[in-house]
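Have a look at the sequence and the 3D structure below. Then work through the questions one by one.

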Amino acid sequence: MQNEEEAKVSNDIQQELIRSHWLEERKKAIGASDVAAILGVSPYSSAWDVWAIKTGRVDSWQGNEATKLGQLFEAPILDYAESQLGQLRRNVRIVHDTLPVAATLDAQCVYTNRPVEAKTTGLVGAVNPHFGEPGTDEVPDTYLVQVYAQLLCSKADLGYLYALIPGKGVVHYEIQRNDAVIDKLGNVLDAWWTRHVINGEEPSREKASFEIVKRMRREASKEIELGESESELLSRIESARKKKSEAEKELVVAESQLLAAMGDAEIARFVDGRSVSYLQQTRKSYVVEESKFRVLRVRKAK
């Protein structure tokens, strides 16, 4: 038993070292997953976010529920892709020979060197609506430019994207190489790296994501002065907090009055077809003891 525990601890340490090395390597070049942010087509991050990470201004990120689920489902999605495409190499990193661009491929076809990307959508949150017909290149722009960057680095003629989509299963898409687009992409990324990473010009902060700015490294006890535009931001924060507080108070009053109107009933229906329920639920006992509580739920009219 002791040997098994020691082996597990040793493996965990090894995996952490591999991850740390991978994160350090990512700072040395633009990754394929960074391209959408740089081009302004990512709904999750911005060019400023990429700059902050590449220049070492933020602490490492352990991921969120969506990314962890994506990693969990990556292997079976690639297993399915392998059943169609033939033997795959997993986790292949390719650094472009002349440009500051690198791509870590989920997998690569052994015999054709074509990149294979595995995606999930709708496991947490809504399904991305921008997936088109299977076999086409109709995928969300953020994924499309990622595969283009993979084609840039791998010099392959075609890239595959396999997506796990609720209600559809694993659907595959094919992105053909377009030399004009890929050459233009290479030039844009090279210029961005030179301007913002090598020469140190900070991109616009306007679209900086909350997740990145929260992780910025800060100097203890350091103070600065901000101008009128930042003062306006503070005013907006104060106003939003006040509105939130007022809305929360209004919600409590309205819910209290509605529950009082329901008396001892658990369900109420309205003339417009809507209904509400106030049913007892049980919170399972884990760290804290099991407890019972009720939740007021509103249902729209059918």
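The questions and answers below are about a predicted model.

Q: How many salt bridges does a search of the whole structure find?
A: Side chains of opposite charge can pair when their charged atoms come close. A salt bridge needs a Lys or Arg side-chain nitrogen within 4 Å of a carboxyl oxygen of Asp or Glu. Searching the whole structure for such pairs gives 12.

Q: Which elements hold Asp79 and Arg90?
A: The side chains of Asp79 and Arg90 meet in a salt bridge at 2.8 Å, N to O. This pair links distant parts of the chain, 11 residues apart. Asp79 is in helix H4, and Arg90 is in strand S2.

Q: Which residue is linked with Asp79 and Arg90 in a network of salt bridges?
A: Asp79 and Arg90 form a salt bridge. They also belong to a network of salt bridges, and its other member is Glu82.

Q: Why does Asp79 count as partly exposed?
A: Partly exposed lies between buried, under 20% relative accessible area, and exposed, over 50%. Asp79 counts as partly exposed because its relative accessibility is 42%.

Q: Where do Glu211 and Lys214 lie?
A: Their side chains meet in a salt bridge at 3.3 Å, N to O. Glu211 and Lys214 are 3 residues apart, about one turn of the helix. Both lie in helix H7.

Q: What is the relative accessibility of Arg274?
A: Arg274 meets Asp272 in a salt bridge at 2.9 Å, N to O. Asp272 counts as partly exposed, at 40% relative accessibility. Arg274 also counts as partly exposed, and its value is 42%.

Q: Which element gives the most residues to the lining of the second largest pocket?
A: About 1000 Å³ of space lies in this pocket. H3 and helix H8 are the elements that give two or more residues to its lining. The one that gives the most, with 5 residues, is H8.

Q: How many charged residues are in the lining of the second largest pocket?
A: The lining has 21 residues, and Arg205, Met216, Arg218, Ile224 and Leu226 lie nearest the pocket's centre. By class, 10 lining residues are nonpolar and none is polar. The count of charged residues is 11.

Methods. Residues are numbered from 1 along each chain as its sequence is written. This is a predicted model: local features need pLDDT of at least 70, side-chain atom pairs count only at pLDDT 80 or more; totals for chains, interfaces and linings use all residues. Side-chain values use heavy atoms; hydrogens and water are left out. On a 1 Å grid over the protein atoms alone, a cavity is a set of points where a 1.4 Å probe fits but cannot get out, and a pocket is an open set with protein on both sides within 12 Å along at least five of seven lines; lining residues have an atom within 4 Å of a point. Grid points are joined across faces, edges and corners, and a volume is the space filled by probe spheres set on the points. Helices (H or I, at least four residues) and strands (E, at least two) are DSSP runs, numbered from the N terminus. Ala, Val, Leu, Ile, Met, Phe, Trp, Tyr, Cys and Pro count as nonpolar, Asp, Glu, Lys and Arg as charged, and the others, Gly among them, as polar. Buried means under 20% relative accessible area, exposed over 50%, partly exposed in between (1.4 Å probe, protein chains only).
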